[in-house]
Number of protein chains: 2
Amino acid sequence: MSREPNVIYVGRKPPMNYVLGILTSFSGSNAKVTLKARGQAITTAVDAVEITRHRSMKDLSIGKIAMGTEEMPLREGENRARMVSTMEITLILQ
Amino acid sequence: MSREPNVIYVGRKPPMNYVLGILTSFSGSNAKVTLKARGQAITTAVDAVEITRHRSMKDLSIGKIAMGTEEMPLREGENRARMVSTMEITLILQ
């Protein structure tokens, strides 16, 4: 019953890495995949979704898009919490 | 009958500039404001929305979020079109 995970955390890698993650996840019997990103990686997440839709999976539709704010842990020398925007994009295979 | 524009193009300025734009637009009798951004400015648009919601306008809700892809004009030395992701976020004052 093992399945590919249906949550993909988008970070600093190039968008194509996450495109592969999306394709792998859908090939593992998931009907829904959620991308989670924060800060500058939000753009990478949107790029990955757009590349997947245009090049590979034309029957992919975008479900819920949620945005939010998270507090980042303090780093040395910081005396104020840093807030960072987050986005979750759910993809649905029709 | 002049109104503040209800489309805000998000570019390379800091998010607070666009927060001011959102507030100004809503104060000009608009009930809806749409932010349009592409590339790295997508993150700035999300930041501006989150800052506005958390600091100023708690009764602001997020309507439609649309994403897409645009072809950028060729620049000197480029021989392939560059594609860039776009995002439109519509804000609704309840």
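**Chatting about the A–B interface**

Visitor: How many residue pairs are in polar contact across the interface of chain A and chain B?

Guide: Seven, going by the rule, with both residues of each pair at pLDDT 80 or more. Keep in mind that this is a predicted model.

Visitor: OK, which parts of chain A touch chain B?

Guide: Helix H2 (41-56), strand S3 (60-72) and strand S4 (82-93) of chain A each put in at least two residues. H2(A) has the largest share of that side, with eight residues.

Visitor: How do the residues on that side divide into nonpolar, polar and charged?

Guide: On the side of chain A that touches chain B you get eight nonpolar, eight polar and three charged.

Visitor: How much area do the two chains bury between them?

Guide: Chain A and chain B bury about 1500 Å², and 61% of that is on carbon and sulfur atoms. The contact draws 19 residues from chain A and 19 residues from chain B.

Visitor: Which three residues supply more of chain A's buried area than any other three?

Guide: That's A:Thr43, A:Ile65 and A:Met67, which supply 36% of the area chain A buries against chain B.

Visitor: Switching topic: which residues have the most contacts inside the largest nonpolar core?

Guide: A:Leu35, A:Ile89, B:Leu35 and B:Ile89, in a core of 46 residues.

Visitor: What does B:Leu35 touch?

Guide: Leaving out residues up to four places away in sequence, its contacts include B:Ile8, B:Val10, B:Ile22, B:Met87 and B:Leu91. B:Glu88 is also among the residues that B:Leu35 touches, and so is B:Ile89.

Key
Residues numbered from 1 in each chain as written. Chains lettered and ligands numbered in written order. Predicted model: local features only at pLDDT ≥ 70, side-chain atom pairs only at ≥ 80, totals over all residues. Heavy atoms only, no water. Core = buried A, V, L, I, M, F, W, Y, C linked by side-chain atoms within 4.5 Å. Buried < 20%, exposed > 50% of the residue type's maximum accessible area, 1.4 Å probe, protein only. Contact = heavy atoms within 4.5 Å. Buried area = accessible area lost by both parts, 1.4 Å probe. Polar contact = N/O pair within 3.5 Å; in protein donor to acceptor, adjacent residues only side chain to side chain. Helix = DSSP H or I, 4+ residues; strand = E, 2+ residues; numbered from the N terminus. Nonpolar A, V, L, I, M, F, W, Y, C, P; charged D, E, K, R; others polar.
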